[in-house]
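This briefing is meant to be read with the sequence and the model side by side. Please keep both in view while going through the points below.

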Amino acid sequence: MDMNRVGKFEVRPLIDAFDRALIELYGKNMLDAQISRYEALAAIEEIGDSRQAAEVLGARKGLVRLASRQ
């Protein structure tokens, strides 16, 4: 993600939404899933939505979805 176009106050809500979605979908936060902020921001930029980015990046990392969210 081009950090010149996105300020630090705009990045925080994106990362928080990504982390929340990751927890809801996979039961792991970014630290446990070994996903960096840069990876999360790149996925959000590529996909355009924090929740969908969490779903895609979680799958790429080999995380197993929680049964109640499938």
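Helices here are DSSP runs of H or I with at least four residues, strands are runs of E with at least two, and both are numbered from the N terminus. On that basis the protein chain of this predicted model has 4 helices and 0 strands, and the pattern read along the sequence is α-α-α-α.

**The chain as a whole**

- Of the 70 residues of the protein chain, 31% count as buried, and the chain exposes about 4600 Å², of which carbon and sulfur atoms supply 49%.
- When contacts in the protein chain between residues at least 6 apart in sequence are considered, 62% of them join residues at least 24 apart.

**Helix 1 against helix 4**

- Two packed helices are described by the angle between their axes and by the distance between those axes.
- Helix 1, which covers residues 8-26, packs with helix 4, residues 50-60, at an angle of about 55 degrees, and their axes are 8 Å apart.
- This angle makes helix 1 oblique to helix 4, since angles from 65 to 115 degrees would count as roughly perpendicular and those under 35 degrees as roughly parallel.
- The crossing of helix 1 and helix 4 is right-handed.
- On the helix 1 side the contact is formed by Leu14, Ala17, Phe18, Ala21, Leu22, Glu24, Leu25 and Tyr26, and these meet Ser50, Arg51, Ala53, Ala54, Glu55, Leu57, Gly58 and Ala59 in helix 4.
- Sorted by class, the contact of helix 1 with helix 4 has 11 nonpolar, 2 polar and 3 charged residues.

**Helix 3 against helix 4**

- Helix 3 and helix 4 pack at an angle of about 120 degrees, with their axes 8 Å apart, and the two helices are therefore oblique to each other.
- The crossing of helix 3 and helix 4 is right-handed.
- Helix 3 contributes Glu39, Ala40, Ala43, Ile44, Glu46 and Ile47 to this contact, while helix 4 contributes Ser50, Gln52, Ala53, Val56, Leu57 and Arg60.
- By class, the contact of helix 3 with helix 4 has 7 nonpolar, 2 polar and 3 charged residues.

**Ser50, a residue listed in both contacts**

- Leaving aside residues up to four places away in sequence, Ser50 touches Leu14, Ala17, Phe18 and Ile44.
- Ser50 is buried because its relative accessible area is 10%, and buried means under 20%.

**Val11 and its distance to Arg37**

- Val11 is found in helix 1 and counts as buried, at 10% relative accessibility.
- Val11 and Arg37 are 26 residues apart along the chain, and their C-alpha atoms are separated by 9.4 Å.

**Gln34, in a loop**

- Gln34 lies in the loop between helix 2, residues 30-33, and helix 3, residues 37-47.
- Most residues other than glycine have a negative phi.
- Gln34, although not a glycine, has a positive phi of about 55 degrees.
- Is Gln34 buried or exposed? Gln34 counts as exposed because its relative accessibility is 65%, and the cut-off for exposed is over 50%.

Key
Residues numbered from 1 in each chain as written. Predicted model: local features only at pLDDT ≥ 70, side-chain atom pairs only at ≥ 80, totals over all residues. Heavy atoms only, no water. Axes fitted to C-alpha atoms, helices over the stretch in contact; angles between N-to-C directions. Parallel < 35°, antiparallel > 145°, perpendicular 65-115°, else oblique. Left-handed = near helix turned anticlockwise from the far one by under 90°. Contact = heavy atoms within 4.5 Å. Nonpolar A, V, L, I, M, F, W, Y, C, P; charged D, E, K, R; others polar. Buried < 20%, exposed > 50% of the residue type's maximum accessible area, 1.4 Å probe, protein only. Areas by Shrake-Rupley, 256 points an atom, 1.4 Å probe, with all protein chains shown as cover.
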